[in-house]
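Dear colleague,

Please read the notes with the coordinates open beside you.

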Amino acid sequence: MEWKDYLLRRSAQLLLTVFFALIINFLIINLAPGDPAALMAGELATKEYIEAVRERWGLNKPIPERLVSYLLNVLQGNLGYSYTYLQSVSTLIAERIPVTLLLTLTSSIIAFFVGLLLAVKTSQKAFSKVDLFVSNMMLTIYSIPSFWLGLMLIGIFGVALRIFPTSGMVNVRSTGSGVFLILDIAYHSILPIVTLATIQVPIYYKIARNTIVEQSSEDYVSTFLMAGMSTSSIFKKYVLRNSLLPPVTVFALHLGYVLSGAALVEVVFGWPGMGRLLLSAVYSRDYPLIMGIYLVTSITVSLANFFVDILYTLLDPRVRYK
Amino acid sequence: MNLLELNEISVEYQLGKNNILALSNVSFSMYPKEILGILGESGSGKSTLALTIMRALPKNARIIGGEVIFNGKNLLNLSEDELNSIRWKEISIIPQNSMNSLSPVHKIRDQLRDILLLHEPKLDEKEVINIMEEKLRLANISEDVLDKFPHQLSGGMRQRILIAASLLCNPEIIIADEPTTGLDVVTQYQILKELKNLQSAKGFSMMIISHDISVISNTSHRTVVMYGGKVVEIGPSDSVVESPLHPYTRMLLEVQMEISKKTQNELHSRTNFNKPHKSVGVNFTHHSGCPFVQRCPFATEKCKTEAPTLLKVNNDHYVSCFLFNK
């Protein structure tokens with residue numbers, strides 16, 4: 001009963017958030033400089049032609065009117081039609097989502113576990129030389145820009161050693177299908193996934209390590225120690241469980257950025273995902289496409305927050321749904 | 001026969017570059033079936049003493065000498081495995097009441113079961129539940145708490161669960177470290193009474209650690225008074241309260257209880273206890289002399305340079321003070 005109420009209320013909140021995000025997105029884009037009609041018409045277009053293009057796409061109407069008609073369309077599931085790709089926005093986005101998720105989800109999961117594992121290892125000997133070394137290394141990695149790391153990996157493993165492809169999602173010369181296509185995509189995804197995972201590991205490492213160190217000196221640890229439990233059992237059964245909440249929360253919050261968060265890395269690796277789609281849409285002032293991507297992103301961010309709240313109530317009995 | 005014997009225990013803490021002596025040559029014994037009170041203010045080493053016996057001192061602490069003899073074995077020399085078979089099964093502890101003496105994200109049931117199964121691995125689920133419920137009843141708390149998390153319980157209930165936990169394996173010795181601190185007076189009174197009844201019914205020995213002289217005098221058979229990491233007085237609780245020997249014990253009694261007019265006059269004629277003194281908690285570095293010297297109204301030059309030793313004054317009543325060392 002309580003659960004049902006809670007879910008219902010949170011869902012309503014979610015819809016409201018997305019609705020406001022939608023309006024704000026629309027207004028911001030239309031307030032931004034740049035004339036989509038002029039861009040679409042091309043550099044040599046006459047004034048009359050630009051006007052004709054403007055009218056053709058309904059850009060001559062006042063902003064409030066366009067907002068209302070856009071909202072009505074979205075409500076019907078119609079995200080509009082891209083000026084530049086000449087395809088429906090929903091199709092464009094739907095094609096890119098799995099392509100991007102392959103990079104972002106995989107790398108986030110890898111980063112989460114690698115970070116957690118490193119934290120478990122080093123926190124056992126907190127403040128030792130190894131611990132300090134790993135901590136400092138993590139700080140260094142954390143300050144590396146993702147695109148730079150990507151370029152370096154391409155330089156080393158793609159250009160110099162020729163182990164991995166330098167760009168793209170598939171080998172354009174091969175016509176493989178089925179298993180070969182999957183293997184080809186996996187092969188192409190290794191460097192971008194490594195790049196994305198590497199820059200995320202420090203976040204999980206740092207938060208997990210500090211939580212574990214803090215939890216290890218909690219009173220319950222000494223209670224179980226005095227009860228005759230071995231340190232390793234206390235760690236496995238109690239400390240780890242008590243330390244999970246912060247890293248899991250960060251992971252879940254991070255899921256909000258799975259669609260648009262990897263734009264730079266996608267550009268560096270020529271990966272045909274959402275991030276790159278968004279960038280090209282912004283360059284060509286493709287309003288419907290930008291709006292569509294923003295909408296999907298807003299929904300993912302809100303969903304991730306929703307997910308975190310639910311997760312909290314499951315992981316920490318002290319948090320109650322209200 | 002002594003059940004537990006502490007011989008010349010010294011423990012120091014490393015704080016930055018300084019070593020602080022928390023316990024200095026502490027010796028006393030615990031008899032079977034007795035309640036032994038450890039009385040002392042914050043920083044006197046009471047809790048360090050409990051943690052030394054359980055060998056659960058924080059990492060920056062070091063036992064620099066002494067032995068804890070239990071059943072003919074020196075607990076300080078045992079391997080971790082040997083020790084783990086004694087912990088809780090023979091000597092258990094009721095930890096200082098705090099929100100986090102139990103894990104906040106595990107149910108009481110799981111935590112008690114884990115502790116019990118450590119020492120009685122052959123029990124089946126039904127026996128485990130029976131034992132847990134029996135101990136909870138002994139601690140005067142309903143079995144319903146098994147399915148609760150610690151944060152859902154009041155301070156008194158949590159304390160009772162810790163008491164039930166300490167009884168799980170029927171130990172010979174239970175150490176109660178400030179068992180009633182932070183609880184309201186009524187709950188405090190009830191819990192102490194229950195502990196006392198449990199002790200006489202079950203016949204285990206109990207060490208009650210407290211800064212509150214009324215807690216100690218109402219429960220214990222014998223009292224150990226500690227000051228500055230040293231034992232300053234040991235004796236039957238009645239004699240300690242009725243005829244305290246050490247100036248520190250007298251001071252405590254003057255502050256907390258009605259004492260006879262005569263003693264009061266005597267004390268007032270000698271000094272004024274309210275005079276400001278240096279902070280007490282920090283001067284426990286390795287020093288010679290009596291730890292109480294800075295606050296003692298009877299201090300002489302000798303007290304500053306020489307440390308008094310425990311001296312038998314009368315039947316089972318010992319004091320460490322030059323006033324009695326003539």
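In chain A, helix α1 and helix α14, the latter spanning residues 287-315, pack at an angle of about 150°, and their axes are 9 Å apart. Because angles over 145 degrees count as roughly antiparallel, α1(A) is roughly antiparallel to α14(A). Please bear in mind that this is a predicted model. The crossing in which α1(A) passes α14(A) is right-handed.

On the α1(A) side, this contact is formed by A:Arg10, A:Leu14, A:Thr17, A:Val18, A:Ala21, A:Leu22, A:Asn25, A:Phe26 and A:Ile29, while the residues they meet in α14(A) include A:Tyr287, A:Met291, A:Leu295, A:Ile299 and A:Phe306. Sorted by class, the contact of α1(A) with α14(A) holds 13 nonpolar, four polar and two charged residues.

Helix α1, which covers residues 2-31 of chain A, also packs against helix α4 of chain A, residues 63-75, at an angle of about 140° and with the axes 11 Å apart. That angle makes α1(A) oblique to α4(A), and α1(A) passes α4(A) in a right-handed crossing. Here α1(A) contributes A:Leu22, A:Ile23, A:Phe26 and A:Asn30, whereas α4(A) contributes A:Ile63, A:Leu67, A:Tyr70 and A:Val74. The residues of this contact comprise seven nonpolar and one polar, with no charged residue among them.

How values were computed:
Residues are numbered from 1 along each chain as its sequence is written. Chains are lettered from A and ligands numbered from 1 in the order in which they are written. This is a predicted model: local features need pLDDT of at least 70, side-chain atom pairs count only at pLDDT 80 or more; totals for chains, interfaces and linings use all residues. Axes are lines fitted to C-alpha atoms, for helices over the stretch in contact, and angles run from 0 to 180 degrees between N-to-C directions. Helices (H or I, at least four residues) and strands (E, at least two) are DSSP runs, numbered from the N terminus. Angles under 35 degrees count as roughly parallel, over 145 as roughly antiparallel, 65 to 115 as roughly perpendicular and the rest as oblique. A crossing is left-handed if the near helix is turned anticlockwise from the far one by less than a right angle, and right-handed if clockwise. Two residues are in contact if their C-beta atoms, placed from the backbone, lie within 7 Å. Ala, Val, Leu, Ile, Met, Phe, Trp, Tyr, Cys and Pro count as nonpolar, Asp, Glu, Lys and Arg as charged, and the others, Gly among them, as polar.
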